[in-house]
Amino acid sequence: MEITRLTVFCGSSPGTDPAHVDTAAALGRELARREIGLVYGGAHLGLMGAVADACLAAGGHVTGIMTSALVEAEIAHTGLSELVVVPTMHERKSRMADLGDGFAMMPGGFGTLDEFCEAVTWTQLGVH
């Protein structure tokens, strides 16, 4: 199966290791180089912002999925190819899974772990 869009789950924080930001940026550049679209949580902060910014800077297509509450909190990336605003976190996870042909997880918190585990479970059950 050819992957045309990769859903990346990662933190809205840069964490404590600068290598994580560098790796997120490298992933974004590589996705653009391979003409694979990025689907992610839509934030301009942390690892999310690093992967999105690098992908965009390299000419890639980036789709962010974010709840309206997070948009109102002003953490949405305003320079994306596309920002999809949804009402709930559950719908956010569902849209991210629907739009991606594959999944990757980078460092993050409990939300990142929750998103990735749900995607793995859906894949295992044949839902995705």
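Begin with the aromatic rings, of which a search of the whole structure finds 2 pairs; rings of Phe, Tyr and Trp (its six-membered ring) pair if their centres lie within 6.5 Å, with planes under 30 degrees apart counted as stacked, over 60 as edge-to-face and the rest as tilted. Select Phe9 and Phe103, whose ring centres are 6.0 Å apart and whose planes stand at 10 degrees, so the pair is stacked. Phe9 belongs to strand E1 (residues 5-9) and Phe103 to strand E5 (residues 102-105), so this pair ties together parts that are 94 residues apart in sequence. Helices (H or I, at least four residues) and strands (E, at least two) are DSSP runs, numbered from the N terminus.

This is a predicted model, in which local features need pLDDT of at least 70 and side-chain atom pairs count only at pLDDT 80 or more, while totals for chains, interfaces and linings use all residues. Residues are numbered from 1 along each chain as its sequence is written, and side-chain values use heavy atoms, with hydrogens and water left out.

A cavity is a set of points on a 1 Å grid over the protein atoms alone where a 1.4 Å probe fits but cannot get out, and lining residues have an atom within 4 Å of a point. The volume of the largest cavity is about 40 Å³, a volume being the space filled by probe spheres set on the points, which are joined across faces, edges and corners. Helix H5 (110-124) and helix H4 (89-99) each supply at least two lining residues, and H5 gives the most, with 4.

Next, select Met48, Met89, Arg92, Gly111 and Glu115, which are the closest to the centre of the largest pocket among its 17 lining residues. A pocket is an open set of points with protein on both sides within 12 Å along at least five of seven lines, and this one has a volume of about 220 Å³. H5 again provides the largest share of the lining, 5 residues.

Finally, select helix H1 (residues 18-33) and helix H2 (residues 46-57), which pack at an angle of about 35 degrees with their axes 7 Å apart; axes are lines fitted to C-alpha atoms, for helices over the stretch in contact, and angles run from 0 to 180 degrees between N-to-C directions. The contact (heavy atoms within 4.5 Å) includes Ala24, Leu27 and Leu31 of H1, and Leu47, Val51 and Ala54 of H2.
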